[in-house]
Amino acid sequence: MLTQDELYMQRCLDIARWAEGDTSPNPMVGAILVHNQRIIGEGWHQRAGAPHAEVNCFASVRQEDEPLLSQSTLYVSLEPCSHFGKTPPCVDLILEKGVRRVVVAMKDPFPKVAGRGIRKLREAGIEVLCGVLEREAEHLNRFFLTSIRQGRPYVTLKWAESQDGYIDAVRTSPKDSPVVFSNAIRQREVHRLRAIHDAILVGRNTVVWDNPRLTNRLWRGKSPIRIVLDRHLSLLQEGRYHLFEDTGVPTWVVVSPQTDTTLLPTHIKLIYWDTERGDLSELLSELHTLGIQSLLVEGGAHTLQAFIDQKMYNAVDREVAQIVLHKGVKAPIL
């Protein structure tokens, strides 16, 4: 059974998740104000550059409840910021409002915060309890935390396979349709994954054989930046692919440093990577530098296996369908 502090912190986490996919590169944060077991205010960070959760929480308090703030507890799922960014420090607002007790799920590892917010509150005489539902808060912001702590995106590997371990049937031509493993509900979940990740990556063969759009069409929110591994930039010369014709969503192509780029369309961005070495840690570091905090890898089998073999992934979303193929393209091996 949850304690009272855990119960209210769970509410913070729940409302923070309402902005899933909208806050990058910022974390998801929720905040509530409680007076005598009554929630008198709540708010969450809704998108990058917008007011923080604490600001929205205080703004939601009714005028008649304002005098109760000094007797209330503020719950917030991430340490309040103590620096000027796109918005003023939330710590200063907390001090201004006169709240005397603050419960925090976890410290913010962002270098400009990193315990300074909690320390400033305590130095002002405010009671601060930290670590309530910390594990759950870390999971909520796993993309943000991986980016800060490891200097690379959080990587999710995703594929569907048959019961006998194949991700596609034998096809003799790209004109042959791929096997459909997922039902309508599962397809919506896949598009949700696309919506919450900053970028999606596939190998060259996936583009040739499937000609995917790699966009989010079945869930609310944005489409991810589309990244394709094509060391010689040959796809642009070989055919008409959705990734290059659809200019509404950015497409990045990972190429070797020696690639001729004289015929490159203006809407295509190139990422240079030593494809001969194939060190994925170098590619992920470069993507992190370019602002990518989360990466969804959708295929194909060779690309997925490379991430597995180099242990460059954080999570696996693997669907096993009620289909038997007997032969085909073997699924990645974990």
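**Before you start.** This is a predicted model, in which local features need pLDDT of at least 70 and side-chain atom pairs count only at pLDDT 80 or more, while totals for chains, interfaces and linings use all residues. Residues are numbered from 1 along each chain as its sequence is written, and side-chain values use heavy atoms, with hydrogens and water left out.

**Stop 1.** Select His-52, Cys-81 and Cys-90, which an unreviewed UniProt entry gives as "binding site". UniProt positions follow the numbering used here, feature names are shortened, and annotations may be inferred rather than shown by experiment. The three are spread over 39 residues of sequence but cluster in space, with a largest C-alpha distance of 9.1 Å.

Helices (H or I, at least four residues) and strands (E, at least two) are DSSP runs, numbered from the N terminus.

Move to Cys-81, in the loop between strand S3 (73–76) and helix H3 (90–97). Cys-81 has a relative accessible area of 7%, so it is buried. Leaving aside neighbours within four places in sequence, the contacts of Cys-81 (heavy atoms within 4.5 Å) include His-52, Cys-90 and Val-113.

**Stop 2.** Select Ser-177, Arg-194, Thr-206, Leu-214, Arg-217 and Glu-298, also annotated "binding site" in an unreviewed UniProt entry. Arg-194, Thr-206, Leu-214, Arg-217 and Glu-298 belong to the lining of the largest pocket. Ser-177 is in the loop between S7 and H7, and is exposed because its relative accessible area is 64%. Arg-217, in the loop between H8 and strand S9 (225–229), is in contact with His-191 and Arg-194, leaving aside neighbours within four places in sequence.

**Stop 3.** Finish at the largest pocket, with a volume of about 1500 Å³. A pocket is an open set of points on a 1 Å grid over the protein atoms alone, where a 1.4 Å probe fits, with protein on both sides within 12 Å along at least five of seven lines; lining residues have an atom within 4 Å of a point. Of its 48 lining residues, Thr-206, Asp-210, Glu-298, Gly-299 and Gly-300 are the closest to the centre.

Terms used:
Points joined across faces, edges and corners; volume = space filled by probe spheres on them. Buried < 20%, exposed > 50% of the residue type's maximum accessible area, 1.4 Å probe, protein only.
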